[in-house]
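Morning, everyone. I have one structure to show you today. Please take a look at it before I start.

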Amino acid sequence: MIIVLKADQPQAKVDSFIEKLTGSYDVQVNTWVGAHSTVLGLIGDTTAVDEEYIAAQDVVENVRRVQEPYKKANRKFHPEDTVITLPGGQKIGGGSLALIAGPCSVESEEQICGIAESVKRSGAAFLRGGAFKPRTSPYAFQGMKAEGLELLSKAKAKTGLPIVTEIMSIDHLPLFEDVDVIQVGARNMQNFELLKRLGKLSKPILLKRGLASTIEELLMSAEYIMAEGNEQVILCERGMRTYETMTRNTLDISAVPVLKRLSHLPVIVDPSHASGISWLIEPLAIASAAVGADGLIIEVHNDPSHALCDGAQSITPAQFDSLVKKVNTVFDTVHSL
Ligand code: PEP
Ligand code: MN
């Protein structure tokens with residue numbers, strides 16, 4: 001961290017500021033005294049140093065961070081890729097493409113079990129399905145809640161597919177015993193109390209990027225979970241809000257290689273929420289596999305036109321089957337280059 005001090009500060013004030021820095025943080029301070037200003041270079045662990053607090057000090061002209069503010073999620077301190085392995089052997093990260101598929105929402109036993117069987121046959125290793133749904137309108141279908149989680153468990157018992165489903169409130173955590181991967185949705189990416197609580201668990205957390213969050217904010221949210229002890233975090237790019245109206249969101253495809261460069265955590269893509277349009281799912285899934293995504297989470301519905309949520313972006317099991325073949329070909333080709 002570089003701190004530029006205001007010109008002509010009394011030496012005593014500068015000394016006491018430096019003493020405060022070395023006394024409060026695990027850092028060393030190098031000082032360069034120029035003709036017009038003094039510059040301090042903080043070396044060491046600056047993750048706990050609050051830039052805004054420094055900027056608010058009397059003697060400070062400006063401050064700039066040169067080291068990332070996240071540590072546990074940072075590839076610099078953990079060069080090898082993190083691979084998430086479930087008790088059943090399913091993996092996310094580590095050189096294979098993890099496919100998570102299922103409906104936006106669980107609607108009935110027949111629906112979730114039928115879709116689970118189809119997507120499994122096509123190569124999905126995980127079943128997705130929302131039981132608690134974050135809907136823009138309070139009058140829209142809110143999900144089957146506890147009953148939805150029970151139906152996911154039935155589908156898991158039938159197919160062996162681990163469950164990926166979203167949590168919206170810490171209060172619901174006791175219901176998530178049989179859930180294998182807990183999803184934190186885009187709207188909750190910065191629900192810090194929820195993140196901290198999930199950080200105390202020992203099961204994987206799928207963390208989606210917020211609707212208008214930067215890559216660094218996503219990594220800081222991962223850091224919240226990891227700082228509590230849970231290092232099994234999967235990052236998910238799911239499109240972000242831009243001025244474009246042709247698609248529901250704009251898929252930030254460059255986020256995939258950027259995240260993989262900055263972090264050792266596995267990165268997956270959700271082309272369904274990124275585009276909102278069923279015919280765009282396949283090309284975006286292919287693009288994601290080509291840029292190095294470790295997995296995909298895709299909405300699949302047996303009858304999209306009657307889906308209770310997100311029918312327009314849902315693909316059919318047959319479309320999913322054909323997508324998987326193409327995506328795997330691209331993934332294998334890119335990984336053999
Ligand atoms: C979902 O996956 O069902 C979902 C609501 O996604 P997001 O949080 O990315 O909008
Ligand atoms: Mn959805």
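Predicted model: local features only at pLDDT ≥ 70, side-chain atom pairs only at ≥ 80, totals over all residues.

Take R238. An N or O atom in the R238 side chain is 2.7 Å from an oxygen atom of ligand 1. Next, Q183. Its side chain has an N or O atom 2.9 Å from a ligand 1 oxygen. Then K133. One of its polar side-chain atoms also lies 2.9 Å from an oxygen atom of the ligand.

How much of ligand 1 does the protein cover? On its own, ligand 1 has 290 Å² of accessible area, and the protein covers 97% of that.

Let's step back to the whole chain. It has 337 residues, and 50% of them are buried. The secondary structure comes to 10 helices and 14 strands. The C-alpha trace spans about 75 × 45 × 40 Å along its principal axes.

On to contacts. Consider those between residues at least 6 apart in sequence. Of these, 67% join residues at least 24 apart.

Last, the surface and the charges. The accessible surface is about 15300 Å², and carbon and sulfur atoms account for 53% of it. The chain carries 33 positive and 41 negative charges. Their mean positions are 3 Å apart.

Methods:
Residues numbered from 1 in each chain as written. Chains lettered and ligands numbered in written order. Heavy atoms only, no water. Helix = DSSP H or I, 4+ residues; strand = E, 2+ residues; numbered from the N terminus. Buried < 20%, exposed > 50% of the residue type's maximum accessible area, 1.4 Å probe, protein only. Contact = heavy atoms within 4.5 Å. Areas by Shrake-Rupley, 256 points an atom, 1.4 Å probe, with all protein chains shown as cover. Lys, Arg positive; Asp, Glu negative; His and termini not counted. Charge placed at Lys NZ, Arg CZ, Asp CG, Glu CD. Polar contact = N/O pair within 3.5 Å; in protein donor to acceptor, adjacent residues only side chain to side chain.
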